[in-house]
Amino acid sequence: MSQYHPLTPQEAIELARTLPDPFTADSNLECREIGDGNLNLVFHITDQNSDKSIIIKQALPYAKVVGESWPLSLVRARIEREILQEEYRLCPGMVPEVYHYDDDLALTVMEDLSDHVIMRKGLIEGTSYPLFAQHIGEFMARTLFFTSDLGMNQQLKKEKQGRFINPDQCKITEDLIFDEPYRIAEKNNYEASIEDEAEALRTDGELHLEVALLREKFLTHGEALLHGDLHTGSIFVTPESTKVIDPEFAYYGPMGFDIGAVIANLLLNYASLPGSIKDSQALQEREALLLDMVRDVWTEFESRFRALWVNDLVDPMAKAPGYQDLYVQKVFRDTAGFAGAKMVRRIVGLAHVADIDSIEDATERERAQRKSLAIGKALIKSNRRLNTIGELLDTVSTAVSA
Ligand code: SR1
Ligand code: MG
């Protein structure tokens, strides 16, 4: 049994040498710590004598983004590894393969995906991903359906639910998404130029009611095993391939939380576009492409989810006429509401997105922030009335033209 301590790059190399694969005795290993997220160490180990490489991801016992004053349970490493293995079983090739793990050291050794790029970076650079909606629709439909009461034995589901309880990780989400943006809070983080917007978030009773209802769903609706943090920084892509990483926020929650995360992050990129594209024709085309992606993500998810319902349902009562439509409507409305909440938190809360923050011109950046908030608030406020993805996109376009 190894005693937990954060590894040095040299120790990461020594660990890699003890593994049966992929390195050999004559491998010449180099290691770089490349973790740029908020919570973990990520070691990239490469063999200078071959093209072989691995990733070692190790959880730290605190939130790196704030420091040791914010302790976090290391159980998230075991949870992340187990859901990666589950997702690999359900969607082979869509998550990194787990090669090895050590729960005492809170680390997982996994496939290196550095032939892909982080989707957020790719989108900021203006790359197109024509297969993304199909891929992520498939990923979400299969992982959500087959871990829910619709697609798996309901007693086994309860046992699985127990293995994915992590109060520390859930509290991060509860605080940063469903609480702090709507009050004065130390961790909030926004520019002085949008103080009026922050003040409006704190005093809008209609908004608070909807956020309270979304928060209640997050706290209590254990529908399916979620990735839990499915933003475009948790997705590696090429134009041909999509791989989902970083499921350390995995837990049993409402399906719309994952789908909403994908849509929110596409819309944040959409809101950022005038800050980086000056040619109006090119801007219009890129905006249309992003909105089409939003539409396609939902429709690809929905068609696959409905097909699984027809072919792989295990719940006897779920065949009741009308139930599938009501279920899908609920997931869709949750998707809209959670997407809105995730947009708001990325503008006024602790952790931002590079799509918006990297806009150099302060006026354009402020415009993008206000636009994101307008879309986010509109989606939150309308979520319980929306029925179709067309209506969601109309809500977006009304919010940005107001
Ligand atoms: C303290 S962690 C802040 C955020 O980073 C992660 O990606 C999650 O989105 C979390 O809310
Ligand atoms: Mg992450």
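Mentor: The shell around ligand 1 draws at least three residues from each of domain 1 (9-111) and domain 2 (117-401), with domain bounds coming from an automatic or database domain assignment. This is a predicted model, in which local features need pLDDT of at least 70 and side-chain atom pairs count only at pLDDT 80 or more, while totals for chains, interfaces and linings use all residues. Residues are numbered from 1 along each chain as its sequence is written, and chains are lettered from A and ligands numbered from 1 in the order in which they are written.

Trainee: Which residues are around ligand 1?

Mentor: They are N38, L39, A63, V65, I172, T173, L176, D229, L350 and A351, a residue being near if its C-beta atom, placed from the backbone, lies within 6 Å of the molecule.

Trainee: And which helix gives the largest share of that shell?

Mentor: Helix 6 (residues 167-178) does, with 3 residues; helices here are DSSP runs of H or I, at least four residues, and strands are runs of E, at least two, numbered from the N terminus.

Trainee: Switching topic, how far apart are the C-alpha centres of the two domains?

Mentor: The centres of domain 1 and domain 2 lie 27 Å apart. Their contact takes 18 residues from domain 1 and 20 residues from domain 2, counting C-beta atoms, placed from the backbone, within 7 Å.

Methods
Two residues are in contact if their C-beta atoms, placed from the backbone, lie within 7 Å.
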